[in-house]
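Please walk through this structure with an eye on its charged pairs, its surface and the confidence of the model.

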Amino acid sequence: MSGYTHPALRLTPANSPFFKNNASSPRSPTKLTRNEEAGLQLRKVIGTTTTSVNGFDALPATRSFAYVAGAAAVLATVDSNLNVAQRFFRAKSNTNASGREGGGWPASPTPNEPRHRALGHVKEKSLGGSPLASSGRDWSDSPTGKSTTAKDRVKAATSVAVSPNGKWLALGESGYKPRIVIFSLEGEQCDEPIATLSEHSFGVHALRFSPDSRYLASLGTVNDGFLFIWDIDKLGTPTLHASNKLTTLTNAIAWVSNVLVTVGLRYVKVWRPYDESAEPRNVEAPSISFLSPRHRDSPRASEFGNSILSPRHRTLPGKNSILGDLLDCNFVAVVPLSETQVIVCAEAGEVCLLSDIQGGQTLALVSNMEFAISTACLDGRGALHLYGVTGQEETLTSDEYLNSSRPSSRDRRRTMAVARATTNSVAVVAACLVGDAVVKLSSEHGISLQDDSVSSADIRAITLPAHNTPILGIAAMRSSSRTTARFFTYSADGVVRLWDALGTPVEQLKASIPSGNGVGDAMNELKCVAASAAGEWLACGDKLGVLSILEQSTGTVSHHARAHSTEITAITTFSTEGIEFVITAGRDRVVQVFTCVDGQLALRQTLDEHAGAVTGVIYDSVNKRLITHAADRSVVVREGIMRNASQPETLVFAILRTITLKATPTSMCLAGDDDLLIATVDRCISRYRLKNGQCGLSFKCSDPDGGEAAVLSKIAYASSLNGCLTIAGVSSTDKSVRLYTEYGSLLARDWGHTEGITDLALIDVDPDGKDTPARLVTVAADSTIFVWDTKPNGPPPPESSTTNGLSAAFGEDAVSAPPL
């Protein structure tokens, strides 16, 4: 037999892209079924991560607007009373499925890695490849065909677009192997997309649907350098229509009738996807006999998919506008006026009118603003609203901006000087008209709504509640004065927000943070907060070691004291016989015990058994034990002793035992009456018995797929989460939220935050006649709050009637089946 092998034949095929059917895999009868196990389902997202107009879009016909928050897109609908109803769309990564979960969808097929598309034909000819050869999209070499690295799973949503017909929502991602995910708005399913596109290699910078919802324009980042036009059919399936290179810094894109306008640094360009003069390349494969081998250079159109190497692909025609005196402008906003006119605004304050009549485009300067422009929008009366980077707002009527008279160059030089003299402040980065309400998005992640109706005598305005700065922590609480409050969050600027179980705001407090007064080089900031047993006050610790008592009823600080010489790292509170205790831990290796009577602090005891910074403290109210862990890899268990039984304030703590760990602890929580769970930096969770200090169980925080183990920065224990003992944890390394059984089996794992997750809390929901499980709330440095339902992930998929091509039927079906 000849040893010659045709280049088109592959001796080692890639792993199958189809998922294995695990429905018929045997399970132990003692283990919980999938219907009983706890899961993670995103219920609500609070806050936004939108920083530009590309992460914001509106659909005025349905009074809706969309924005990005972490790895999700939020579609908000505004009623006549400015009440907002939200829906959340988030596509799970292909690698989200754990050993007990399945699912996923293949990405769009391409013959080569996207970053090599421009040289695809050269590469194939020089290396003797063929369309049948192995491509850059081959599945990994793992047995499951899934990636095991965190970079495949951590993706941030950067752009969003809503189709004018109200059927589709497109979400663009950034990160490793970014995608364009298209969702259907007609059903209730918000986590199963109808199509995914993986043509951009570095990130999706902007997305916009055409006015007839036929085309979707996607622009990659500057490093990506591609502009794609996708043809969306009636089912939402995208097909590549045309593309071109675009490597210039682009700030905004918009459709004007059937043309696409892109603006950016020193350029304004008009693209014409409907231009029939750009014919597809006529590349026809020669007729080949069935018995003769196909030549390696002959293309086959069915194998190209959405690649630009496809013979059906056409080049997107475009033409730059002549800028003239505006050559040095940075254009930041595009506002369509009609089918032939569009307003283009520059950062230095220039307002221009772009006219496109019969293929001839002209750009004219119509006005100059005295401030730097950040964004612009039209209201219902045709007036143009211009917003500045320092909060300014100016309105131009239609007669003013349609006047094409050019201001003098002297005025323009003065405006540019004003723009260069601006300082950093809150700016409106995006604005739109939704019904009779104007929606504004600020640079500090704030969303405000203002009533713009003519009939309204008094202008109403509301702001969606959210933190505008990174959130440092969260804790569950019960308040006697605020009965609906279930948890609170806080940020470094001293803002403390109270929320109910559904994520609805209850109250906002402001902790007074004392200034540094020359102590240290860094500015002072809030570090940790703990609520009293009755929720009447909050104990706040800052970076300089000052402990403050914040009264909830008045919102003022009743007392503050210098508890530590350096940063306070943890606070816990408890009540004994009507006496409130506050225990603080600091980086000065000291644990302080205070009593709080009538809002006044009194130091009772100082504990200094640790040799390193104390990073965690909890109190066991059942056994009256105080437990602390420190950076010196030690856990100290102390027993509470009452020196005078008639005086509860005489409670002191004596050391009971010290537990030495193998690695530095990151978090701990109580598990039962005498067990302690400790998460460490070696990616393990250990279970210790407090009565003897022995480790009963330790497991690695990994997954059955053999992926990378994660360091859990915070953990919590649920004694009955959907009827089973569950350990909940968050990881700042891969930004994941995880649920484990008490024996270390992974129940669920999900992603959503784009920055490091700082804390988590399990929130009890009051029974309302239904069996409502606890909710998991996570906060992150991206200023977002995610509320997760811990309900099961749903019933397993129906079992297939065949397994590996063999009949799985029994009885009469087996008798009537053909022989194997």
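**Charged pairs, surface and confidence**

Arginine 775 and aspartate 789 are both buried, where buried means under 20% relative accessible area, exposed over 50% and partly exposed in between (1.4 Å probe, protein chains only). Their side chains meet in a salt bridge at 3.0 Å, N to O, a term that stands for a side-chain nitrogen of Lys or Arg within 4 Å of a carboxyl oxygen of Asp or Glu. The pair links distant parts of the chain, with arginine 775 in strand S55 (residues 775-780) and aspartate 789 in strand S56 (residues 785-789), 14 residues apart; strands (E, at least two residues) are DSSP runs, numbered from the N terminus.

This is a predicted model, in which local features need pLDDT of at least 70 and side-chain atom pairs count only at pLDDT 80 or more, while totals for chains, interfaces and linings use all residues. Residues are numbered from 1 along each chain as its sequence is written, and side-chain values use heavy atoms, with hydrogens and water left out.

Side chains of opposite charge can pair when their charged atoms come close. A search of the whole structure finds 18 salt bridges. In one of them, arginine 587 and glutamate 567 meet through their side chains at 3.4 Å, N to O. This pair, too, links distant parts of the chain, since arginine 587 sits in the loop between strand S39 (579-586) and strand S40 (591-597), and glutamate 567 in the loop between strand S37 (557-562) and strand S38 (568-576), 20 residues apart. Arginine 587 is partly exposed, with a relative accessible area of 47%, whereas glutamate 567 is buried, at 15%. The side chains of aspartate 379 and arginine 381 also form a salt bridge (3.4 Å, N to O), and aspartate 379 counts as buried because its relative accessibility is 7%.

On the surface, Val222, Leu249 and Leu265 form a nonpolar patch with about 230 Å² of accessible area together. Such patches are made of residues with over 30% relative accessible area and no salt bridge, like charges being joined within 9 Å and nonpolar side chains (Val, Leu, Ile, Met, Phe, Trp, Tyr) within 5 Å; accessible areas come from the Shrake-Rupley method with a 1.4 Å probe, and for residues only the protein chains shown count as cover. Leucine 265 is found in the loop between strand S15 (259-264) and strand S16 (267-271), and counts as partly exposed because its relative accessibility is 36%.

The protein chain averages a pLDDT (the predictor's confidence in each residue, from 0 to 100) of 79, and 74% of the residues score at least 70.

Terms used:
Helix = DSSP H or I, 4+ residues; strand = E, 2+ residues; numbered from the N terminus.
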